[in-house]
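Here is a briefing on aromatic contacts and strand pairing. Look over the sequence and the structure first.

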Amino acid sequence: MMSRRALLLALSLLSPVFALPAMADDAAKTPTPKTDAAKTTDNFTGEAGLLPVDSVTKHHLNGIAYTAHAGTLTLRGPDGKPTARMFYVAYTKDGAADAKRPVSYFFNGGPGAATAYLNLGAAGPVALTMPTKDATDGTHATLGDNPDSWLPFTDMVFFDAVGTGYSRPLDTAKAGDQFYGVKQDASTFAKAIQLWTAKNSRQASPHYLVGESYGGIRSIQVANALQMEQGILLNGVVMLSPAIEMPLLDTDENPLSAALMIPSLIAAHESPNVTPQSADAAYEWAMGTYLSKVAGKLPSGDEGKAFYAEISRRTGLPEDVVTRQYGVPAIGSHDVMSRDGKLHGLYDYTQTIADPSADGLDESPDPTLFGFGRAYGNAFSGYAANDLGFQTPLTYDLLSFKVNSSWKWSEGGPAPVHQIPVLNRLLALDPGLRVFVANGYYDLACPFGTARWMKDHLTVGADRVSLHLYQGGHMLYTRPASRHALSLDVASWMQQDALQH
């Protein structure tokens with residue numbers, strides 16, 4: 001069985017086979033690309049040499065005229081020599097007052113995930129929508145105008161991390177040391193943001209970061225690198241289904257992690273009738289009664305039987321499974337993920353598919369990781385080529401196992417760096433910084449309980465951190481109603497920032 005941590009933050013893998021349907025309106029028409037007049041004198045070789053010059057195209061979305069810029073930024077080392085070409089797509093509203101117009105910088109997680117998920121899933125002007133009849137059917141997903149795009153209230157820049165998407169290092173042998181680590185990655189994104197901001201004269205604009213999954217850790221680290229290395233202070237950070245403290249995501253040997261995961265199982269059992277109030281009650285029970293029992297001497301006899309029966313009643317897990325696992329559900333185990341021939345998803349426990357390994361003898365694939373989530377890769381490559389005019393023979397690397405397996409979590413060893421002290425420092429040094437955290441009720445990969453625990457343990461600025469819960473799982477925006485609610489909430493949150501300043 002693949003370990004939970006191995007599954008944890010990798011969102012959809014490799015490039016799927018996916019046919020792009022034609023869209024009906026102006027945004028779907030293939031525009032004539034205008035190449036960027038600025039040309040580089042650098043001689044790129046290898047895969048980096050297969051990336052074309054930038055493409056600039058014009059579009060409309062619900063009456064909004066906007067420009068899409070698909071291209072690359074050249075990153076350089078201390079000697080001034082190129083080290084990577086970083087791919088990005090920027091959407092800017094035509095005719096807007098740039099100095100007052102917010103700009104949001106997006107990245108996904110993994111580590112090793114490209115940003116097609118947030119671009120085509122949540123905020124971009126074009127969205128990939130799963131069928132209403134079966135949300136796990138990526139084959140029949142469709143591309144079309146995104147009615148919930150963030151374009152009405154912010155310009156957007158979507159970056160692919162080096163080694164993912166179309167972003168390529170110049171020297172693959174050195175890429176691990178240069179880019180594949182928490183600190184190196186943060187400095188890389190901070191520099192890319194500075195380059196784009198300077199190139200487009202957006203220094204005076206309100207600046208926001210938007211990160212998903214490992215993008216939670218990345219957003220904290222990038223915010224710190226922007227402040228300390230680039231002199232850029234942020235107005236806000238948006239975290240979607242964030243990983244913040246990695247040890248809290250491993251339930252195997254950590255009773256606290258188990259307690260933070262239990263509310264998501266309870267919410268999934270209550271679906272679709274879960275409410276913020278019932279989620280609060282689940283959290284309080286998990287951090288009180290549940291944690292005190294699993295963290296101490298395991299109950300036995302009648303007390304143990306009653307405790308395991310209560311867990312079963314609250315989560316819907318079979319009582320014999322709960323008893324065998326001593327009250328700590330082994331997330332990822334076949335006993336927890338499969339029932340009655342149906343396989344439940346790690347990323348959304350309410351989503352099920354037919355279990356191809358119902359006998360439990362083979363590893364069961366996650367529905368999001370190995371199923372419909374793969375649709376984003378080829379969908380994006382087609383969109384980039386046909387609508388944005390960015391054509392390359394390179395494969396769009398939706399999730400790079402090479403990047404993920406090479407990742408350096410800290411300079412001193414394999415242990416992940418702690419993020420709460422960094423976030424405390426950011427909130428203390430920048431009293432204008434605000435944080436918006438969005439979680440899906442049914443996400444077992446990055447449970448909503450971990451975000452609440454993070455806020456409860458901030459010593460500075462907790463009142464500037466807002467938590468928001470939505471129907472859905474890790475990729476909550478795959479549900480149209482949740483995508484709509486998320487867009488409204490972020491718009492309101494940014495508007496509050498503008499009014500306060």
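Buried means under 20% relative accessible area, exposed over 50%, and partly exposed in between (1.4 Å probe, protein chains only). By that cut-off tryptophan 407 is buried, at 9% relative accessibility. This is a predicted model: local features need pLDDT of at least 70, side-chain atom pairs count only at pLDDT 80 or more, and totals for chains, interfaces and linings use all residues. Residues are numbered from 1 along each chain as its sequence is written, and side-chain values use heavy atoms, with hydrogens and water left out.

**Aromatic pairs**

- Rings of Phe, Tyr and Trp (its six-membered ring) pair if their centres lie within 6.5 Å; planes under 30 degrees apart count as stacked, over 60 as edge-to-face and the rest as tilted.
- The whole structure holds 27 aromatic pairs.
- Tyrosine 214 and tryptophan 407 are edge-to-face, because their planes stand at 80° with the ring centres 5.6 Å apart.
- This pair links distant parts of the chain, 193 residues apart. Tyrosine 214 is in the loop between strand E10 (207-212) and helix H5 (215-230), and tryptophan 407 is in the loop between helix H13 (401-406) and helix H14 (420-429).
- Helices (H or I, at least four residues) and strands (E, at least two) are DSSP runs, numbered from the N terminus.
- Tyrosine 214 is buried, at 0% relative accessible area.
- Phenylalanine 436 and tryptophan 493 are edge-to-face too, because their planes meet at 65°, with centres 5.6 Å apart.
- Phenylalanine 436 lies in strand E15 (residues 434-440) and tryptophan 493 in helix H16 (residues 480-500), so the pair ties together parts 57 residues apart in sequence.
- Phenylalanine 436 is buried at 0% relative accessibility, and tryptophan 493 is buried at 5%.
- Ring pairs join Tyr66, Tyr91, Phe106, Trp150, Phe153 and Phe158 into a cluster.

**Strand pairing**

- Two strands pair if DSSP finds at least two bridges between them.
- E15 pairs with strand E16 (residues 465-470) in the parallel sense, over six bridges.
- Valine 437 stands opposite leucine 467 in E16.
- From E15 the chain crosses through helix H15 (residues 448-456) to E16, a right-handed β-α-β crossover. Right-handed means that, with the strands pointing away from the viewer, the path from the first strand over the helix to the second runs clockwise.
- A separate topic is the open sheet of three strands, ordered E12-E13-E14 with antiparallel pairing.
- Its edge strands, strand E12 (338-339) and strand E14 (352-354), each pair on one side only.
- Three bridges join strand E13 (residues 342-344) to E14, and leucine 343 stands opposite isoleucine 353 in E14.
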